[in-house]
Amino acid sequence: MRIMLVDDSVTMRRIQKTQLAGLGIDDIVEAENGQTALTQLKDNMPIDIILLDWNMPIMDGLTFLKTVRKNPDYKSVKIFMCTSESEKRKVIEAMREGADNYIVKPFNPDALKEKLCI
């Protein structure tokens with residue numbers, strides 16, 4: 001399983017990588033914003049799951065989500081919003097735009113395992 005982490009926080013990406021490693025997942029691609037993630041996605045397909053932050057500079061997570069969902073080349077990629085945005089309307093908006101799941105930060109390895117269905 002190949003996972004892409006898209007988050008402007010190096011610390012958060014490190015935490016996620018550690019949690020994923022604990023689940024036996026080490027094929028990980030990283031990006032610090034949505035714009036970089038678009039290039040990384042194209043260059044590293046196949047990507048199975050993207051853990052996507054909402055609030056980032058240059059291109060935020062929702063804009064990235066909308067852009068990816070418009071491209072049929074990425075229809076098989078699962079996108080999980082992984083953010084501190086916990087308002088119901090934000091969750092609904094992300095799901096409406098094509099997010100496959102929603103994880104509110106902070107989360108523990110068990111919650112991540114459950115969402116990844118492994």
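Two strands are said to pair if DSSP finds at least two bridges between them; strands (E, at least two residues) and helices (H or I, at least four) are DSSP runs, numbered from the N terminus. This is a predicted model, in which local features need pLDDT of at least 70 and side-chain atom pairs count only at pLDDT 80 or more, while totals for chains, interfaces and linings use all residues. Residues are numbered from 1 along each chain as its sequence is written, and side-chain values use heavy atoms, with hydrogens and water left out.

I begin with strand β4. The chain passes from β4 through helix α4 (residues 88-96) to β5 in a right-handed β-α-β crossover, that is, clockwise from the first strand over the helix to the second, with the strands pointing away from the viewer.

Strand β3 (residues 49-52) also pairs with β4 in the parallel sense, over four bridges, and Leu-52 stands opposite Met-81.

Buried means under 20% relative accessible area (1.4 Å probe, protein chains only).

Lastly, the interior. A nonpolar core is a set of buried Ala, Val, Leu, Ile, Met, Phe, Trp, Tyr and Cys residues joined through side-chain atoms within 4.5 Å. The largest has 23 residues, and Leu-52 and Met-81 are among those touching the most other members. Its largest share, four residues, comes from α3.

Notes: Buried means under 20% relative accessible area, exposed over 50%, partly exposed in between (1.4 Å probe, protein chains only).
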